[in-house]
Amino acid sequence: MQFHNPLPAKAKLVHALSSPSNFDSAITVKDSSYTSSTSLVAISNEDLDPTPPSRRTWRAWHFFAFFWSGSFSGSGWTLGSAMVGTGLSWWQATIAIIIGNILAAIISVLNGRAASVYHIGFPVLVRASWGIYASYWAVMTRAMVAVIWFGVQTYYGGVCLAICLRCLAPSWERIPNHLPASAGITSADLLATFLFWLIELPFMFIHPSKIRTLFTIKSIAVPPACIGFWIWALVRSGGSGAFQFKNTASGSTLAWAILAALNNGMGYASATLVNQPDLSRYARNPREALMGQLIGYPLSNIIVGFLGLCVASASANIYGAVYWNVWDLMNKMLDESYTSGTRAGVFFVAFSFAFASLGINIGSNSLPFGSDVTALLPRYINIRRGQLICWVIGMCILPWKMLQTATGFMTFLSGYAIFMAPIVGIMFADYFIVRRGNLVIGGLYDNTEGSAYMYWHGINFRAIVAYVVGWILPLPGFIASFGTITVGGMYHVFELGWVVSCLMSFFTYWGLTAIFPIADGDVKNMRFEELGKMANAAEIELDEQEVEQVLVISDGKAKDNAEKETGTEGVVTLLA
């Protein structure tokens, strides 16, 4: 663990952008202090090492603020409104949102548990269940999802920025469109998306342990805009107009639509669920992460989803059509009334949603992608470089194509979820059932044969088999969602893809470990998370010793002498 006094985040950002050499220095990869000296290839760097105590700064409030601010966004709002757009009534969509988010909150807490105990991120944690090298597949899968969501959120922010510019300058609306209808975006929206993309760049340089303040600000600033938008919809629709939209499905079609909506809610949360270790690693202790996640996630997402579906339902009463995309509704408001009052209100809401998209892209998309590509090429890429790569790729995937229809958006959510859910199921079974919460940290950074998590040449075949079993059942329905084939009742399996995939992989992995036991030493005989408690106790003792050492260093000369004696700059390393 390292004891140092880093520059404030703002000073780091200014310094990084002051010259090309400082920019290069800011993203330079620093060596790992955990990788075994006998490792064949580099599998870690400073960003992948366990989080030192100096960077374990997230408390329960910060986790609550992260989820609270993250849900008050275009994507969280759209989830509820899109359910109405697919034919559900307001109360049917509400039930799906409540059940889905409570389940997602529980899964979020469980998936972040190991990281809050051992202070390691997802790319390292997943090595325990998949093996040192097989884990690359799980990492690449999550990286692809993260970069897609980065693009989607950039587009969200861009169209909201376009609305802000329209409110400020009437001439914005007169920008000629040179793109065909098949492009799925206008020239003006594309320009605004590009501008928002540039705005995101400086935030790629802020370390995740320091970004918590942004989420605190966002959690206070954004909710009033969403609530104000909801109040406007209630008033314009006559008070009860938001609750008069009737479902357009019936019978078994309606039942499956509700179940599919619940699954889509899990799909929407899938990236967040898998990403939890990358945030929980910065928790001061496991309890801080648990309380913030368990309360913040379901409460905020239920509220936002409800507000979104009410406004979408009210739009049908106000304008005669369901506007499930929040920016389409705001543009409609400006089309109908371009008064100063309307422009001010729409600007406030659009700016808040753009700000929310910025925060989500930093904490939930670019950071996980940066962590993932760091694990793939630790010698050349750190988290900052990974975030910059995500920033570049995010604009190349044409995210607006996924959001042209409510059905297409929901299919997108369900589609990638069947490839993410098995990863969660395998990690749950491995950590909570097979290993009883005990991880050998040193083994996660050791790729020599015979080390704790090398299995067979770095591949745990149990995880591979469980992963394939997890997505094989929903796969036919996923293919059918593109309209190329008809699979009958198998399509319903795809509509429940997240739940089916997660449970199938969980029980398959558990069963395979029972048939082919993992050589894990005395882990099964240990108490739950005994190794984690031992490691934390050892860290506390080392912390106290290091603090005493630092206190006696009163000037630069004494510090230099201390460094010469220890051979380090106040570094104490604990290898489990």
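Helices here are DSSP runs of H or I with at least four residues, numbered from the N terminus. The model is predicted: local features need pLDDT of at least 70, side-chain atom pairs count only at pLDDT 80 or more, and totals for chains, interfaces and linings use all residues. Residues are numbered from 1 along each chain as its sequence is written, and side-chain values use heavy atoms, leaving out hydrogens and water.

**Exercise 1.** Find which helix gives the most to the nonpolar patch.

Solution. Start with the rule: patches take residues with over 30% relative accessible area and no salt bridge, and nonpolar side chains (Val, Leu, Ile, Met, Phe, Trp, Tyr) are joined within 5 Å. Areas come from the Shrake-Rupley method with a 1.4 Å probe, where only the protein chains shown count as cover for residues. The patch covers about 840 Å², and its residues include Trp91, Ile95, Leu294 and Leu299. Next, α5 (90–118) and α13 (286–319) each supply at least two residues. The answer is α5, with seven residues. Trp91 lies in α5 and is partly exposed, at 44% relative accessibility (buried is under 20%, exposed over 50%, partly exposed in between; 1.4 Å probe, protein chains only).

**Exercise 2.** Work out how α13 is oriented against α5 and against α11.

Solution. For α5 and α13, the angle is about 160° and the axes are 8 Å apart. α5 is therefore roughly antiparallel to α13 (over 145 degrees; under 35 is roughly parallel, 65 to 115 roughly perpendicular, the rest oblique). For α11 (residues 223–236) and α13, the angle is about 30° and the axes are 9 Å apart, so these two are roughly parallel.

**Exercise 3.** Classify both partners of the Arg435–Asp430 salt bridge as buried or exposed.

Solution. Their closest N and O atoms are 2.9 Å apart. Arg435 has a relative accessible area of 3%, so Arg435 is buried. Asp430, at 2%, counts as buried too.

Technical notes. Patches are made of residues with over 30% relative accessible area and no salt bridge: like charges are joined within 9 Å, nonpolar side chains (Val, Leu, Ile, Met, Phe, Trp, Tyr) within 5 Å. A salt bridge is a side-chain nitrogen of Lys or Arg within 4 Å of a carboxyl oxygen of Asp or Glu. Axes are lines fitted to C-alpha atoms, for helices over the stretch in contact, and angles run from 0 to 180 degrees between N-to-C directions.
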